[in-house]
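Okay, thanks for coming, everyone. Let me put the structure up, and then we'll walk through it together.

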Amino acid sequence: MSDYDISTSNIAALKSKLVLPKFQRSLVWNENKKMDLIKSLHRGFPFGTLLTYQKFPNGPQSLLDGQQRWSTINDYKENIGIYWSKLKPEEFEAYYLKINKFLKEDAKLTKEQFINLVADREKTKVFKWLEGVRLKDNFVNKNQSESEINEFLSNVYKEMSEYLNIDNIQIPIIKYTGDEGNKALVFENLNKGGVPLTKFEIYAAAWVGDEIKLGHSKFEDEILEDVKKYYVNKQREAEEQDFSLDDFSEDELTKTRTINLYEVGFSIGMFAQSRIGSLVQDKTSNINEIGFGLLGISLDTDPRKLENIPKKIVDLQQKFPEILQKIDRFSEKLSSIFEKLIKQNTKKNNEGQDYHRKLNSSYKTLSYFAALWEATDIEQKAIIKNIPAHYVYDSLIGYWSGTGDSKLYEFYPSQGKKKYLAMPKKDAFRNHFHEWIINDNTQKEKFTGEVKSFSTIHANLTYLSDTIDFSEPLEFEHIFPRKRVQQSDPTNEVVLGRLGNAMYLPKSTNGKKKTKTLYEYDETSKFDKIIKDSHYPSKKDFEKAFAGLDKGDFDTINDLILKRADIVATEIVDKLVSN
């Protein structure tokens, strides 16, 4: 006997019945996918089903699969004008031009205003708009009747509505009637096709029954608040799509203080991110990678086999306060390094400090925690001292590219293969940096994320360490001004995007200076120390380079940029290795 029933229903009958399970993911369909579904409905093609689970005979139905289809159908109902303007662009454009022929220049409608008018079922907006046009005498033809325009808009609405009568669509429903404990697995199996699930979304479904009870320490209180915040945001998102969130009560969570294993993972990620924003971005993907990675480290579970974590739920319950204490302590140590190393006042729109994290990855960050996790106090001091150099060195040699999870496992205390106890060898460090400059740092014009990151590290270690006020907005500057060089170099023979051509300048200075060098700028004297400490080219270097450009000699300027790149690289290595 099958564990499901099959039926159909229209949108109105379903709307009050469906709820969204906690483990469902957020919306991921883009505009093209949504439009494709509406086109299929318009043509009368099959469009898939909704899978639901109903715990009680007359109770709500949990939507296990089909959230994207259901949300798109609801979205179309609420925003029919927007969809129609994109699905029938030629007809829309013709009607849009026609309506504006009725109106004087100052009263002409934007496309958005026209969409709002034709999509108004109750005609409230239409009548109000017509009255305003009449009172302001904005009809081109004063004898133009409001009823004529009203009829025109009604005809447009009729044609738009006839494209797809969404209320009459019969939606196929498969209602799962089997064991409630298997509904998350049903969800996982159904989603093996289509838009792929991340491993964290699978954990959300598979780990829903594995729970721990939080104690009353300040860190566990923080974890509880992060879980509540996560679901409150998810509830808000669900309500925007006419859902409610199944099986979540903020009051009940506060009372029981019981969270499942998936909630442990993402809340640990939020816990770490709030302490070490320099390395972990405030994005769901980064938070999950760090949170579940730390869960694996703390429970000594191979990062390639995190699905085995539920087997250690008892161990997690006992160790959880200690785990949070370690994450807090090590985050503080790491933050003290990277706040100074990769942070600068370069955020867009002058919004303040920004982190240049291009050299980083989640596995790289997790390796620092793994190395510190069971280290002695003496070992911790050595590790913290050596990490900045390894942060740069490992990027140059591409250590964390490829199978990062297997490399991360080598840093686990139980494996003991890697610990960051030794500083990279200075000669090897310099050689790899030089190779990177020659082979990888070859952008003709723009600075890559790697160049900006290296340039930030160099600036923070040297000429910006105590020279420029952090409150002043900074910008990346092409030392040999890009526009000036390109006037004589239309084919981009000069490699302007190299590290040797990058430095920081105050935004106000950079904006005024434009194609000049600092020597040609009116306020040169205030930058004397920066010119010296940043290894800015000399006046003679600039004269030689620009003279060469005028003659079609690009080697001179390229050699000067390479020369400074090597000086910057050597200085970064020396500063980091000498700590």
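One term before we start: a residue is buried when its relative accessible area is under 20%, exposed when that is over 50%, and partly exposed in between, with a 1.4 Å probe and protein chains only. Bear in mind that this is a predicted model, where local features need pLDDT of at least 70, side-chain atom pairs count only at pLDDT 80 or more, and totals for chains, interfaces and linings use all residues. Numbering starts from 1 along each chain as its sequence is written, and side-chain values use heavy atoms, with hydrogens and water left out.

Buried or exposed? Asn 460 has a relative accessible area of 10%, so it counts as buried. Contact here means heavy atoms within 4.5 Å. Setting aside neighbours within four places in sequence, Asn 460 touches Lys 340, Leu 341, Ile 342, Lys 343, Gln 344 and Ser 465.

Okay, zooming out. Of the 579 residues in the protein chain, 49% are buried. The C-alpha trace spans about 80 × 75 × 40 Å along its principal axes. You'll find 25 helices and eleven strands; these are DSSP runs numbered from the N terminus, helices being H or I with at least four residues and strands E with at least two.

Now the sheet. Two strands pair if DSSP finds at least two bridges between them. Five strands make an open sheet, ordered β1-β5-β3-β4-β2, with mixed pairing. β1 (4–9) and β2 (18–19) are at the edges with a single partner strand each, so one side of each has no neighbour in the sheet.

Which way does β3 run against β5? β3 (residues 50–54) and β5 (residues 171–176) are parallel, with four bridges. In β5, Leu 51 has Ile 174 as its bridge partner, and Thr 52 has Lys 175. Helix α3 (residues 67–78) packs on this sheet and touches β2, β3, β4 (61–65) and β5.

On to β3 and β4: they run antiparallel, joined by four bridges, and a hairpin of six residues links them. Thr 52 turns up again here, with Leu 63 as its bridge partner in β4.

And how many residues of β3 are buried? Five of its five. Leu 50, Thr 52 and Gln 54 point one way, while Leu 51 and Tyr 53 point the other.

Definitions and conventions:
Axes are lines fitted to C-alpha atoms, for helices over the stretch in contact, and angles run from 0 to 180 degrees between N-to-C directions.
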